[in-house]
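Q: I am new to this structure and would like to understand the terms used for a few of its residues. Please set each value against its definition.

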Amino acid sequence: MNMSKYSSLSLPLVLVLYTISASAVPHENFEVEDKPFTSSPGDTVFTLQVQTLEDTTLDDLLSFGYYRKSCPQFESILHRKVKEWIQKDYTLAPSLLRLHFHDCSVRGCDGSILLNHDGSERRAQASKTLRGFEVIDDIKAELEKKCPKMVSCADILTAAARDATVEMGGPYWAVPYGRKDGRVSIDKEAEMIPMGHENITSLIEFFQSKGLTVLDLVVLSGAHTIGRTTCGSIQYRLYNYQGTGKADQSIDPKYLNFLQRKCRWASEYVDLDATTPKAFDHMYYINLKKKMGLLSTDQLLYSDPRTSPLVSALATTPSIFQHQFAVSMAKFGVIDVLTGQDDDGEIRTNCNFVNAY
C-alpha cells in the first residue's frame, strides 16, 4: 500500500498553542534544577494543524471488525498477554514499540522482522538490540489454540505496540486488521533504519518515503519518552564528539556530568527520558528544550528550524502530544501492508518461520 496519498490530507482541527512555563519532575537517578525552561520570542505563539483519526484514511482493505467472526477473542487475549508481560518487565513496552517501528520501516508492516533465519532482518546488525519477540510468540501460541490460522503476526505486533503504549500511560487508538505476513526478510534492508546518528534532513526524507510528514517525525520521536539505550550508542557524544576531543556542546552540562558518570561502560543502559522514564508523557519535549536529548537525533529536533517549533508546541501541551501520537501511529501501522489481494502474503502459524506448504 502506498502511503504517499496521506501527505496531502486535510487537517481541519487548528489549535493555537501558547508557550507556558513547565518544570521537570526529577527522576531518582538524575537531579534536575527545578526551574522552568525559558521560551524564545519565536515560541510565543505557534499554530499547529492536528489531524483527527477520522481525517486519516486507512487502507480500504483493512477493517476494524476483521476478526469479529473469525476470532472474537483476539483483542482480549492480546490485551491480557501484553499486560502480563509488561507487569513483569516494564521495559518490554518500549521494546514492543521499537519492534513495530523496525517492522514497518522495512517492506511495510508485514511481520518480516519476526522471521528468524540466516540473512533475515532479525539477524541484521541493526536488529541486535531488539526485544519483545517472546511476547509476540506467546500471544500467537494462545491464538493458535483458540483461532488456528486466523490471526496474522503482523496484526499481532501492530496491536501489541498499541497496548504497550496504553500500559505506560499513553493514548489508545483503534487498529484496523487484515494484514498478511510477508514471506521475505533480508538483513541488508534493515540497515536503512534510522539508528540515532542521522541528521534531520535524512530523517525527514526517510519519513517522507513512507508517506509520513515532519509532524509525524517529531510526534513519533516522542516514543522516546519511555525506553532506554546502551551507553555504547551515545559515548561518541560524551568524550570525543566529531574528533574535537570534547563532549557534544549541545548537552546540558549537568546532564553531561551525569551521563559521563553513568556511561563509563558501553554495556550499561541509560534512560532515553532522564526525568520520567516510566511514564508515557510529553516530558521528552521539555527535556529537549533543556538540552537533555539523549540521542543526537533527539536534540537536533529542537535545534533545526524545520522541527523546533513543533517541539516547542508539544512541550507545552501534553494533550496535543497524546492525541497526535495516536493519529500518527494509526498512519504508521498501515505502511505498505499486505492484504488478501496480495499473492505474497500469508497467515503464519509460527511467527518465526514462513509456512511450509
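Q: What makes the link between the side chains of Asp 248 and Ser 250 a polar contact?
A: The side chains of Asp 248 and Ser 250 are joined at 2.9 Å, and a polar contact is a pair of N or O atoms within 3.5 Å, where within protein one atom must be able to donate a hydrogen and the other to accept it, and residues adjacent in sequence count only if both atoms are side-chain atoms; therefore the pair is given that name. This is a predicted model, in which local features need pLDDT of at least 70, side-chain atom pairs count only at pLDDT 80 or more, and totals for chains, interfaces and linings use all residues. Residues are numbered from 1 along each chain as its sequence is written, and side-chain values use heavy atoms, with hydrogens and water left out.

Q: Why is Asp 248 called buried?
A: The relative accessible area of Asp 248 is 6%, and buried means under 20%, exposed over 50% and partly exposed in between (1.4 Å probe, protein chains only), so Asp 248 counts as buried.

Q: Why is Lys 149 called exposed?
A: Lys 149 has a relative accessibility of 59%, so the residue falls on the exposed side of the cut-off. Its phi is near 60°, a positive value in a residue other than glycine.
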